[in-house]
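Good morning, and thank you for making time for this presentation. I would ask you to keep the sequence and the structure in view as I speak.

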Amino acid sequence: MKHLIRLSAGALLAMSLAGCAVNPVTGKQEMIFDSVAQDIATGTQNYVPSQQSQGGQYVVDPGLTAYVNQVGKKLAAVSDMPNLPYEFVVLNNDVPNAWAMPGGKLAINRGLIVQLEDEAQLAAVLGHEIVHAAARHGASAKSQQMVVGAGALLAGVAIANKKPEYGALAVGALAVGATAWNAKYSRDHETQSDIYGIKYMQKAGYDPQAAVELQELFVRMMEKQEPSWVEGLFASHPPSRDRVSANRAEVAKYPKGGTRNKDAFQRALAQLKKDKDAYTGYQDAIKAAKAKQYDKALSLVDNSIQQQPKENLFWELKGKLLLQKDQNKEAIPALDKAIAANPNFFRPYIYRGMAYKELGNRNFAERDLIASQKLLPTQEASEQLGDIALAKGDRGTARAYYEQVAAAGGEAGERAKVKLAQIQ
Ligand SMILES: [Zn+2]
């Protein structure tokens, strides 16, 4: 009997270690596969690569990131997991999206913030995302894919393929779908995040009515049917009239009123609003480039650069277009500007490396490609590095790079296999 009891106690202990934990938000027992420490490790490991693969941080106005952090931290402090190492960044991405990683690592895209009207609406977005982290939704949906496996290369991120077309130069598309944090939370998780997000907003002093407005905004945006939007926010947070009603019913449980902070929000957003036309011009330039109207695209992006010369994406597009036109020498100063404007974004290093490679400057090409790998390991950079090593007669190094590329699969992987067979 005693033996049996000990066994079942042991089994219970094993279960609590391996599978069951209390949801810190609802207080209910749930199947959770990771410890909180593992949540934090997962978030920390994936946070930077996820930011990189989605455009990197928005750097034109660092004050906006500081503001978002301040609002986010206020909400996190009243959450059920106030001690997670919360971080909030603004990503330089036009797609309206926001996400939370396990362990409290959050992001909101530039393209979502511009759609909002006041701080309470921003708090509705961040409150919802904080619940995903605090309620450990990521840990209980372990089947979702981690962005980066240990030592793995991201495939298809830079979209720069081989000359002459650079893979038809899929300019601007940031491979959001392929490499974004694949948070496909369940409907239950979404409902829970809506309900507790409203609670956190109210606790932090915000008008919870903003959560209803946010859902209404999402429904309106959904009706516009921008395909990239559906890939972004709405893939993980499907809006619906039902959801609007559910939020309205939830908000009705609280007293009316609360902080809106419209002026503070509008001040924090002033630069982004001022640059609205420049970003629209950038989007138009990308459309022109996709239609292979490279000169039109160049003149559009030059116009955007004139309006906002601190935006690294504008300079990067200019460099990419010049590469496309085989003006490698002219591409370099544009890419220099892109890198100077934001040295912490991997992609222009790849393009400048390609330009140097075309110009026969292998050492500079190698330096740039390695710099890009440090920010985000990609198949594209490894393939180029393999080509350079081979050209230098270093077959061993070339083989090592091609093996990495082959292991990551896809078209580049197939090309690498052919190259490997040739150098055996
Ligand atoms: Zn959600």
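This is a predicted model: local features need pLDDT of at least 70, side-chain atom pairs count only at pLDDT 80 or more; totals for chains, interfaces and linings use all residues.

Let me begin with strand E4, residues 98–101, which is covered on both of its faces. Ala98 and Ala100 lie on one side, Trp99 and Met101 lie on the other, and all four are buried.

The partner of E4 is strand E5, residues 105–109; the two run antiparallel and are paired over 4 bridges. Within that pairing, Trp99 is placed opposite Ala107 of E5. The hairpin that E4 and E5 form has 3 residues between the strands, and Gly103 there adopts a positive phi near 85°.

I turn now to the nonpolar cores. The largest comprises 52 residues, and the members that touch the most others are Ala123 and Ile130. Helix H5, residues 119–134, is the greatest contributor to this core, supplying 10 residues. Beyond its neighbours within four places in sequence, Ile130 contacts Leu75, Ala76, Ser79, Ala100 and Tyr200. Ala100, as I mentioned, belongs to E4. A separate core of 49 residues lies apart from this one, and its members include Leu317, Ala331, Ile332 and Ala338.

Finally, consider Gln57, located in the loop that links helix H2 (36–53) and helix H3 (62–77). Is Gln57 buried or exposed? Gln57 counts as buried because 20 other C-beta atoms lie within 10 Å, and 20 is the number from which a residue is called buried. Setting aside residues up to four places away in sequence, Gln57 touches Gln51, Thr65, Val89, Val90, Leu91 and Asn92. Of these contacts, Val89 is 32 residues from Gln57 in sequence, with 6.8 Å between their C-alpha atoms.

Note on methods: Residues are numbered from 1 along each chain as its sequence is written. A residue is buried if 20 or more other C-beta atoms lie within 10 Å of its own, exposed if 12 or fewer, and partly exposed in between; C-beta atoms are placed from the backbone. Two residues are in contact if their C-beta atoms, placed from the backbone, lie within 7 Å. A nonpolar core is a set of buried Ala, Val, Leu, Ile, Met, Phe, Trp, Tyr and Cys residues joined through C-beta atoms within 7 Å. Two strands pair if DSSP finds at least two bridges between them.
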